[in-house]
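Here are a few exercises to work through with the model open beside you. Try each task before reading its solution.

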Amino acid sequence: MFLEQLSGNLVQGVVLGSVYGMATMGLSLIFGVLKVVNVGHGAFVMVGAFVALFFFNTLGLNPIFAIPAAFAVGIALGLTFYYAAIRKLLHAPELATLLATFSAGVLLEETIKMIFGSEFRGYNWDVGNIDLVFTALPMSKILAALGSVLIAVLLYVWFKRTRAGSAMRSVVEDSQGARVCGINVDGVYAMSFALGIGLTVASGVLLTMFIPVGINPYMGGGYTLKAFVIAVLGGLSSPYGAFFGGLVFGLIENTSYTVFALIPGVEPFALTRFLSFLILLIILLIRPTGIIKAK
Amino acid sequence: MKSFSFKPFVFLIVCLFFFSATSAFAAPPDEIVIGHPACLSGKYAKAGEQAVGGIEACIHWVNSEYGGITLDGKKVPLTYKKYDCESKKENVTSLIGRLITVDRVDVVFAPYSSGLTLRGAPIAEGHSMLYMDHGGANNKIFEQGFQYTVQTIGPATSYHKGTLDMVKKIAPDAKKVALAYEDSEFATMVMEGAKTHAEELGFEVVFERTYPKGVTDMTPMLSAMKATDPDFVLGGGHFEDGQLFNRQMSDLNIDVDCLSLIAAATLPAFYEALGNMAEGVMGPSHWEYGVTYSQEAAKEIGTRWIGPSQDEFVSLFKEAVGDQDMVPDYHAAEAGAQVLAYVLAAEKADSVDSGKVRAALGDLEFMSFYGTWDISDSGLQVGHSMVDVQWQDGKREIVWPESAQTGKPCYPMPTFDEKAEGEKALP
């Protein structure tokens with residue numbers, strides 16, 4: 001029985017972890033290039049969730065079609081927010097960008113609330129289940145995981161094989177040196193911020209494919225918290241690290257429950273949280289830059 | 001040497017006597033103000049919006065139909081002063097202080113949820129201000145020795161009594177119950193009451209686990225629950241986790257004969273989010289449209305009736321929120337009924353003094369569209385009974401108690417596979 005549950009939770013953990021990883025890549029990208037901590041991260045995830053909801057419930061379209069649309073919405077939001085606020089605050093004390101991203105998050109939450117209301121919404125995209133003997137897995141979750149992996153691979157290829165990706169990597173390495181070499185650093189900053197927000201908003205769609213309920217303007221808070229743990233776990237400046245951090249986090253969250261459930265008199269969920277933050281603390285103490293170095 | 005003069009003291013005593021005499025025989029106020037740190041945004045915004053609509057609907061009824069509160073023979077209108085507490089504890093405390101000291105309200109209505117209600121109670125208590133609780137069901141609020149806190153919503157421990165009684169009666173073979181709930185003050189108290197009652201009825205609690213607030217994945221817990229093969233499940237906590245609970249039970253193909261979720265399952269948004277997957281799911285509710293409380297019912301049990309009829313309340317609510325499509329749920333009804341309780345108590349006390357109104361509330365028994373009202377010495381609501389609703393063919397039917405039924409219960413509910421193929425929960 002224990003092994004059956006553990007195997008089931010391992011599979012669920014991998015699937016969930018890949019979506020968590022994708023949802024954190026934007027946060028790491030923005031920090032890696034601009035050194036801006038986006039504390040409004042969860043609100044951008046929430047926007048993506050509403051894009052998926054709008055596509056499915058209003059337009060009657062498959063949520064997969066919502067992924068590029070959410071990415072485009074994110075790019076637009078990112079560029080607007082970058083030129084309206086972040087650009088002016090890049091050389092201000094860190095607190096200024098923290099407050100700006102926090103404000104952007106609140107602004108988004110209240111705007112979405114004005115448009116859609118504060119109800120908890122959801123959609124039903126039923127594409128069947130796969131029965132794995134030890135657990136059942138909905139196809140929508142598998143597609144969300146595959147979508148996350150595909151986006152992570154595309155981002156990797158884009159970074160490695162395109163001029164824009166090289167420019168971004170050079171700015172991460174040495175922004176002054178990049179400027180001397182003729183790279184438009186301000187343009188790279190704008191592109192990185194927009195790309196980071198685009199990835200974050202797109203991840204909101206993937207998250208709803210995993211959990212298509214509880215969509216409301218204030219749903220992002222929990223994801224912000226998790227994203228920070230994952231980002232530190234994988235390397236705060238590394239989008240790929242964040243992806244692998246997500247996988248590890250998903251596995252820890254799911255499998256540790258089964259192990260902790262063996263201890264009599266404890267609530268396993270409480271201990272899984274404890275473990276997640278204990279790992280975060282240990283990593284911060286021994287390797288503050290995260291497990292995987294930025295590339 | 002100058003002799004000591006008593007004249008100033010005599011003058012002072014006369015002034016004090018005159019002041020206290022005029023205070024004692026003070027004319028009724030021009031208006032009576034209800035203060036409310038309402039949850040208009042944040043995680044309880046939905047319940048808060050409903051509560052505000054219910055309060056405004058009943059205030060409108062009191063002022064326009066009832067003519068206001070009769071104090072010393074004069075009809076005094078009710079007014080409503082609210083602030084948005086953003087569903088945050090720290091805001092509740094400061095706003096209650098502001099309502100009492102700056103806005104000089106006559107009574108404070110608590111915000112939604114047990115946690116926020118409990119946070120505000122000591123502030124109201126410190127100002128000897130009547131604090132009326134319409135959305136905090138946790139019994140512990142009334143175990144703190146507060147003198148000025150009274151409850152309209154029913155106590156948390158009674159939420160699942162009806163569900164358990166129903167299963168016991170219609171499915172005597174059902175033995176195993178699983179309890180899985182949010183580790184909030186409210187849900188913990190609900191499940192404590194459910195566990196006690198389940199054991200009294202001879203059910204075996206085969207699984208009992210909690211999950212944290214804001215949980216985004218319940219798969220590990222639900223997988224463990226599935227392994228215990230329960231006949232029925234009682235669970236939930238608030239809105240979002242209730243939807244997630246049902247959804248992930250479906251994902252994992254956990255079929256049970258009955259699933260009852262607190263808070264979430266009774267809301268229209270629950271069915272809108274889950275669709276056919278919500279068929280057959282039950283939830284305890286303080287009030288549902290269709291309940292049979294009326295002037296005639298009040299007469300039958302020999303108690304006083306006050307307030308609009310059920311249909312009048314619905315109409316006033318829609319007018320108050322400015323949305324003809326919005327339907328009041330129990331959050332609106334319990335908040336509205338609280339206004340009516342205050343009206344009767346203030347009239348009985350012939351005063352708006354918190355101590356006197358609190359004493360009058362202790363002796364008060366009445367019926368409104370929300371049901372019966374009676375509180376214990378500690379302020380806990382003991383007069384109100386709950387109903388159990390079940391989603392049947394996209395509609396909420398009151399299935400328990402039998403005396404309030406608008407439909408028979410569907411037991412066992414269809415499996416998730418059957419529901420995926422479009423089967424409805426029909427008795």
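Two residues are in contact here if their C-beta atoms, placed from the backbone, lie within 7 Å. Keep in mind that this is a predicted model.

**Exercise 1.** Work out what share of the contacts in chain A with a separation of 6 or more comes from residues 24 or more positions apart.

*Solution.* Start with the parts: chain A has eleven helices and two strands, and from the N terminus they run α-α-α-α-β-β-α-α-α-α-α-α-α. Next, check the overall form: the radius of gyration of chain A is 19 Å, close to the 19 Å from the globule rule for 295 residues, so the chain is as compact as a globular protein of that length. Burial comes next, with 53% of the 295 residues counting as buried.

**Exercise 2.** Find which element of chain A gives the largest share of the side that touches chain B.

*Solution.* First, count: chain A puts in 35 residues and chain B 35 residues. Then list the elements of chain A that supply at least two residues each: α1, β2, α9, α10 and α11. Of the side facing chain B, α1(A) gives the largest share, five residues. By class, that side holds 13 nonpolar, 15 polar and seven charged residues.

**Exercise 3.** Describe how α10(A) packs on α7(B).

*Solution.* Take the geometry first: the axes lie 9 Å apart at an angle of about 35°, and the crossing is right-handed. Then the residues: N254(A), Y257(A) and T258(A) meet T219(B), P220(B) and M221(B).

Note on methods. Residues are numbered from 1 along each chain as its sequence is written. Chains are lettered from A and ligands numbered from 1 in the order in which they are written. This is a predicted model: local features need pLDDT of at least 70, side-chain atom pairs count only at pLDDT 80 or more; totals for chains, interfaces and linings use all residues. Helices (H or I, at least four residues) and strands (E, at least two) are DSSP runs, numbered from the N terminus. Ala, Val, Leu, Ile, Met, Phe, Trp, Tyr, Cys and Pro count as nonpolar, Asp, Glu, Lys and Arg as charged, and the others, Gly among them, as polar. Axes are lines fitted to C-alpha atoms, for helices over the stretch in contact, and angles run from 0 to 180 degrees between N-to-C directions. A crossing is left-handed if the near helix is turned anticlockwise from the far one by less than a right angle, and right-handed if clockwise. The radius of gyration is taken over C-alpha atoms; the globule rule is 2.2 Å times the number of residues to the power 0.38. A residue is buried if 20 or more other C-beta atoms lie within 10 Å of its own, exposed if 12 or fewer, and partly exposed in between; C-beta atoms are placed from the backbone.
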